[in-house]
Amino acid sequence: MKNPFICYSDEDKTEYLSPRCSLNRAVLKKLPLYGIEDEIEGMGFNEIFSTPAIVACIRRVSRRYGIDLSEEPDYRLPQILNESLESDDARYRQMAARVVKQFGNRLGLLLLALKKGERENRLARDDWDDACWEYWRSLKTVILTGGLASSMMGRHFKEDIQTIFDSAGEKPYHIMLFDNGTYIGMMGLAQKLMRNDTSSLVLDFGHTGIKRAVIKKSGGEIAEFTAQESLPSLHMKSRFDSEDEKRREAIELHRYIVNTIAASYRAADPAALDDTILISIANYTHNGLLNGERGGYAKLCAIDPDYAAVLEDDLSGELHRDIKVRLVHDSTASALYFADVDRSVCITLGTGFGVGFTDIKIQ
């Protein structure tokens with residue numbers, strides 16, 4: 001079945017993902033199964049399951065069990081939740097079990113809604129036609145990656161999803177977990193886009209952090225992976241009072257990106273690096289162009305929608321080399337790693353839902 005979320009570019013002879021694949025914009029107008037989490041009916045997918053939603057729940061539930069997490073920053077709480085599932089302290093175990101069960105049920109209900117494609121939910125998603133819903137029904141495997149799918153938490157989610165589908169009498173998706181998803185997008189880029197017998201700088205610009213590594217490819221496989229220290233994502237503001245403010249923030253973000261890439265390149269052995277830099281970014285991309293609709297990186301379109309060309313010019317001047325840049329949507333980059341998994345979708349559980357399809361063909 002043809003994937004309705006994948007487009008083809010005659011200009012660069014490659015495929016790219018349409019922004020309408022986003023799950024964060026979907027609304028659960030009708031629950032596919034009642035009696036589990038009825039209060040989420042009518043909410044958006046990103047309200048139902050996301051890192052902010054889980055963090056808020058951890059803070060609320062932990063207080064009920066007499067656990068003080070007030071000094072812990074938000075970014076630490078998902079890790080604490082995962083560790084608490086096997087804590088020696090019964091309070092932590094009970095708190096973690098309650099939170100994980102709630103969001104495992106929610107994740108199961110969302111996937112069940114996508115599989116069933118009931119009329120009310122179809123009408124609530126006016127940018128999807130019947131082909132979109134039928135494609136989700138036809139999928140065989142859901143690959144869960146990202147921090148919220150790792151270790152014990154991911155295993156609990158998998159069990160809860162299975163239980164939800166069993167309760168509904170619906171044939172479940174095959175759930176595939178990838179525990180160590182920290183660098184999966186970068187490895188996907190290297191595996192599919194790097195030339196053989198080269199070393200390249202590969203980066204992942206997410207909404208909360210920037211991952212960096214030098215990857216060597218030999219004999220068609222990743223031969224060496226040398227990670228650099230991860231950095232925080234800065235200048236991620238996405239709502240502005242004026243176009244002038246938006247452009248000022250875009251320029252600050254651009255400077256940070258250029259400085260980060262240049263420093264990462266210099267920290268390696270520049271003489272040994274390929275001139276093409278591979279970048280996974282939390283934005284929909286097409287032939288170097290970014291999508292300006294939403295997200296922290298969307299404002300870069302205020303500088304130039306052809307952001308890859310801007311980066312190439314500035315980095316070439318900074319590094320005194322003819323630099324080429326490949327920008328790839330982050331969840332698509334992750335999906336490239338699983339290109340051999342038939343009829344599957346890669347869902348990254350992070351700040352929100354990231355979606356990439358493994359049948360995409362990128363040159």
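**Reading helices, cores and ring pairs**

Modeller: Just after helix 10, His 320 takes a positive phi of about 55°. Keep in mind as we go that this is a predicted model.

Biologist: Okay, let's stay with helix 10. What should the 13 residues of helix 10 span at 1.5 Å a residue?

Modeller: They should span 18 Å, and the end C-alpha atoms of helix 10, residues 307-319, are 18 Å apart, which agrees.

Biologist: And how do I read the faces of a helix?

Modeller: An α-helix has 3.6 residues a turn, so residues three or four places apart point the same way. Now the case here: Tyr 307, Ala 308, Val 310, Leu 311, Glu 312, Leu 315, Ser 316 and Leu 319 are buried in helix 10.

Biologist: Which elements do the buried residues of helix 10 pack against?

Modeller: Helix 9 (243-267), strand 8 (276-281), strand 10 (289-290) and strand 11 (324-329).

Biologist: Can we do helix 9 too? How many residues has helix 9?

Modeller: Helix 9 has 25 residues, and from first C-alpha to last it reaches 36 Å, close to the 36 Å expected. Its buried residues are Glu 245, Ala 250, Leu 253, His 254, Tyr 256, Ile 257, Val 258, Thr 260, Ile 261, Ala 262, Ser 264 and Tyr 265. As for what covers those residues, strand 5, strand 6 (209-218), strand 7 (221-232), strand 8 and helix 10 are included.

Biologist: Strand 8 keeps turning up. Which residue is found in strand 8?

Modeller: Ile 279 is found there. Is that residue buried or exposed? Ile 279 has a relative accessible area of 1%, and the cut-off for buried is under 20%, so Ile 279 counts as buried. Leaving aside neighbours within four places in sequence, Ile 279 is in contact with Leu 189, Leu 203, Phe 205, Ile 261, Leu 311, Val 325, Arg 326, Leu 327 and Val 328. The C-alpha atoms of Ile 279 and Val 328 are separated by 6.2 Å, although the two are 49 residues apart along the chain.

Biologist: On to the cores. Which residues of the largest nonpolar core touch the most other members?

Modeller: Phe 49, Trp 136, Ile 347, Leu 349 and Phe 357, out of 75 residues in that core. Helix 4 (residues 90-116) gives the most to this core, with 12 residues. There is also a second, separate core of 31 residues, which includes Ile 281, Leu 290, Ile 323 and Val 325.

Biologist: What is Ile 347 in contact with, leaving aside its neighbours within four places in sequence?

Modeller: Leu 23, Leu 111, Trp 136, Val 142, Ile 143, Leu 144, Thr 145, Phe 353 and Gly 354.

Biologist: Back to helix 4. At what angle do helix 4 and helix 6 pack?

Modeller: About 120°, with the axes of helix 4 and helix 6 (residues 130-138) 7 Å apart. Ala 113, Leu 114, Lys 115 and Lys 116 of helix 4 make the contact with Trp 133, Trp 136 and Arg 137 of helix 6. Sorted by class, that contact has 4 nonpolar, no polar and 3 charged residues.

Biologist: Why is the pair of Phe 205 and Tyr 297 edge-to-face?

Modeller: Their planes are at 85°, with the centres 6.4 Å apart, so the pair is edge-to-face. This pair links distant parts of the chain: Phe 205 is in strand 5 (residues 198-205), Tyr 297 in the loop between strand 10 and helix 10, 92 residues apart. Both are buried, Phe 205 with a relative accessible area of 2% and Tyr 297 with 1%.

Biologist: Which residues do ring pairs link into a cluster?

Modeller: Phe 5, Trp 128, Trp 133, Tyr 135, Trp 136 and Phe 357.

Biologist: Last one, a charged residue. Where does Glu 118 lie?

Modeller: In the loop between helix 4 and helix 5 (119-123). Glu 118 is buried, with a relative accessible area of 18%. Beyond neighbours within four places in sequence, Glu 118 is in contact with Lys 30, Leu 31, Pro 32 and Ala 113.

Definitions and conventions. Residues numbered from 1 in each chain as written. Predicted model: local features only at pLDDT ≥ 70, side-chain atom pairs only at ≥ 80, totals over all residues. Heavy atoms only, no water. Helix = DSSP H or I, 4+ residues; strand = E, 2+ residues; numbered from the N terminus. Expected span 1.5 Å × (residues − 1). Buried < 20%, exposed > 50% of the residue type's maximum accessible area, 1.4 Å probe, protein only. Contact = heavy atoms within 4.5 Å. Core = buried A, V, L, I, M, F, W, Y, C linked by side-chain atoms within 4.5 Å. Axes fitted to C-alpha atoms, helices over the stretch in contact; angles between N-to-C directions. Nonpolar A, V, L, I, M, F, W, Y, C, P; charged D, E, K, R; others polar. Phe/Tyr/Trp six-rings, centres within 6.5 Å; stacked < 30°, edge-to-face > 60°.
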